[in-house]
Amino acid sequence: MIQALPKNLSFAEYLAYDDGTDTRYELVYGELVAMSQPTGQHADIAEFSMTLIENTLNNIR
C-alpha cells in the first residue's frame, strides 16, 4: 500500500483551511494536527490569563 506524503501547508493555507467540522487544528511544521477539546480547567486558566493581561494593560495607561 502506498501512502501519499502529507502536503505542507503555508500559513495562509492554514488560515483558509475549513474541513466543515468544529475540529480545531494547529499547524506543526506545515502539517495540520487536530487539537483536543478544551477542558473546564483550560477555560479557567484562559480566563485568569486574560484577566491578568487586561489588568496589566489598564495599569499601563
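**Group meeting talk: a predicted model**

Let me begin with Tyr 14, which is partly exposed at a relative accessible area of 21%, given that buried means under 20%, exposed means over 50%, and partly exposed covers what lies in between, for a 1.4 Å probe with protein chains only. What you see above is a predicted model, in which local features need a pLDDT of at least 70, side-chain atom pairs count only at pLDDT 80 or more, and totals for chains, interfaces and linings use all residues. Residues are numbered from 1 along each chain as its sequence is written, and side-chain values use heavy atoms, with hydrogens and water left out.

On confidence, pLDDT is the predictor's own score for each residue, from 0 to 100, and the protein averages 90, with 90% of the residues scoring at least 70. Between the elements, confidence is lowest in strand 2 (residues 31–34), at a mean of 93, and highest in helix 2 (residues 40–60), at 95.

Now, how many aromatic pairs does a search of the whole structure find? The search finds 2. Phe 11 and Tyr 14 form a tilted pair, at 6.0 Å centre to centre and 35° between the planes; by the rule, rings of Phe, Tyr and Trp (its six-membered ring) pair if their centres lie within 6.5 Å, with planes under 30 degrees apart called stacked, over 60 edge-to-face, and the rest tilted. Both residues sit in helix 1 (residues 11–16), 3 residues apart, or about one turn of the helix. Phe 11 counts as exposed because its relative accessibility is 54%. Tyr 17 and Tyr 25 also form a pair, this one edge-to-face, with 5.6 Å between the centres and 85° between the planes, and Tyr 17 is partly exposed at 37%.

Turning to charge, the count comes to 1 salt bridge, defined as a side-chain nitrogen of Lys or Arg within 4 Å of a carboxyl oxygen of Asp or Glu. The side chains of Glu 13 and Lys 7 meet in it, at 2.7 Å from N to O; Glu 13 is partly exposed at 33%, whereas Lys 7 counts as exposed at 54%.

In helix 2 we find Leu 57, which is partly exposed at 44% relative accessibility and belongs, together with Met 50, Ile 53 and Ile 60, to a nonpolar surface patch of about 400 Å² accessible area. Leu 52 also has its place in helix 2 and is partly exposed at 45%; between Leu 52 and Leu 32 there are 20 residues of separation in sequence and 31 Å in space, C-alpha to C-alpha.

Finally, where does Tyr 29 lie? Tyr 29 is in the loop between strand 1 (25–28) and strand 2, and it has a positive phi of about 50° although it is not a glycine. Most residues other than glycine have a negative phi. Tyr 29 counts as exposed, because its relative accessibility is 79%.

Technical notes:
Helix = DSSP H or I, 4+ residues; strand = E, 2+ residues; numbered from the N terminus. Patch = residues over 30% accessible without salt bridge, like charges linked within 9 Å, V, L, I, M, F, W, Y side chains within 5 Å. Areas by Shrake-Rupley, 256 points an atom, 1.4 Å probe, with all protein chains shown as cover.
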